[in-house]
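Biologist: Let's go through this model together. I'll ask, you answer.

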Amino acid sequence: MLRWAWLAAILLAPFLRKLARSRQAGQPVVDMQGVRSRVASAREPAEMVGLVVVVAVLVCCCGALLAAGVTALLLSPQWLGGVLVAVAAACALAAVPEVRGIRRGLRARQLRLHGDDVTRELDGTPPR
């Protein structure tokens, strides 16, 4: 029990010091504007990663279904191969809006970053 006490004291001491100082100065403990800006800056890349994962899964499923469908068309009941190829085509069509979303998101990010650079330049600070 004693081992954990000093570890907790070391880990909690900086937080408690910051809490006490901010209370004395009359400032809020948590900078909500900073938290909101960090969440907003992390949301955009997370959305892009999510879309990329969805596209990757759809492409893998489409490839597997297409391979199975072509094999079934050549070697076994042709109706099964046709169904598998049709399902692969449906998977490929389902990936189209996701790919467009990725392109749209990347373009919006590029325009936003360019706008930020122009704003900084007009304010007198050099762009990144």
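Biologist: How many disulfides does the structure hold?

Modeller: The count is 0 disulfides. Cys-60 is in none either; its nearest cysteine sulfur belongs to Cys-61, 7.0 Å away.

Biologist: Why does Cys-60 get the label "exposed"?

Modeller: Because its relative accessible area is 56%, and exposed means over 50%.

Biologist: Let's step back. What is the chain built from, helices or strands?

Modeller: The protein chain has 3 helices and 0 strands. From the N terminus on, the elements run α-α-α.

Biologist: Where do the helices sit?

Modeller: H1 covers residues 2-25. H2 covers residues 32-75. H3 covers residues 78-123.

Biologist: What is the mean pLDDT of the chain?

Modeller: The mean pLDDT is 84. Of the residues, 86% reach 70 or more.

Biologist: And which helix has the lowest confidence, and which the highest?

Modeller: Confidence is lowest in H1, with a mean of 71. It is highest in H3, at 91.

Biologist: What should I do with low values?

Modeller: Where pLDDT is low, the predicted coordinates should not be read in detail.

Biologist: OK, charges now. How many salt bridges does the whole structure have?

Modeller: A search of the whole structure finds 4.

Biologist: Remind me what makes such a pair.

Modeller: Side chains of opposite charge can pair when their charged atoms come close.

Biologist: Show me one. What does Glu-44 pair with?

Modeller: One partner is Arg-109, with the closest N and O atoms 3.2 Å apart. Another partner is Arg-112, where the closest N and O atoms are 2.6 Å apart. This pair also links distant parts of the chain, from H3 to H2, with the two residues 68 apart.

Biologist: Which other residue does Arg-112 bridge to?

Modeller: Arg-112 forms a salt bridge with Asp-116, and the closest N and O atoms are 3.6 Å apart. Both residues lie in H3, 4 residues apart, which is about one turn of the helix.

Biologist: So which residues belong to the network?

Modeller: Glu-44, Arg-109, Arg-112 and Asp-116 are linked in a network of salt bridges.

Biologist: Is Glu-44 buried or exposed?

Modeller: Glu-44 is buried, because its relative accessible area is 18% and buried means under 20%.

Biologist: And the other members of the network?

Modeller: Arg-109 is partly exposed, at 33%. Arg-112 is partly exposed too, at 36%. Asp-116 is partly exposed, at 28%.

Biologist: What does Glu-44 touch?

Modeller: Leaving out residues up to four places away in sequence, Glu-44 touches Gly-105, Arg-109 and Arg-112.

Biologist: New topic. How far apart are Val-52 and Val-99?

Modeller: They are 47 residues apart in sequence and 8.0 Å apart in space, C-alpha to C-alpha. Val-52 lies in H2. It counts as partly exposed, at 45% relative accessibility.

Biologist: How much of the chain is buried?

Modeller: Buried residues make up 13% of the 128 residues. The chain exposes about 10,100 Å², and carbon and sulfur atoms supply 69% of that area.

Biologist: Which residues form the nonpolar patch on the surface?

Modeller: Trp-6, Leu-7, Ile-10, Leu-11, Leu-12, Phe-15 and Leu-16 form it. Together they have about 730 Å² of accessible area.

Biologist: Tell me about Leu-7. Which helix is it in?

Modeller: Leu-7 is in H1. It counts as partly exposed, at 31% relative accessibility. Remember that H1 is where confidence is lowest, at a mean of 71.

How values were computed
Residues are numbered from 1 along each chain as its sequence is written. This is a predicted model: local features need pLDDT of at least 70, side-chain atom pairs count only at pLDDT 80 or more; totals for chains, interfaces and linings use all residues. Side-chain values use heavy atoms; hydrogens and water are left out. Patches are made of residues with over 30% relative accessible area and no salt bridge: like charges are joined within 9 Å, nonpolar side chains (Val, Leu, Ile, Met, Phe, Trp, Tyr) within 5 Å. Accessible areas come from the Shrake-Rupley method with a 1.4 Å probe; for residues, only the protein chains shown count as cover. A salt bridge is a side-chain nitrogen of Lys or Arg within 4 Å of a carboxyl oxygen of Asp or Glu. Buried means under 20% relative accessible area, exposed over 50%, partly exposed in between (1.4 Å probe, protein chains only). pLDDT is the predictor's confidence in each residue, from 0 to 100. Contact means heavy atoms within 4.5 Å. A disulfide is a pair of cysteine sulfur atoms within 2.5 Å.
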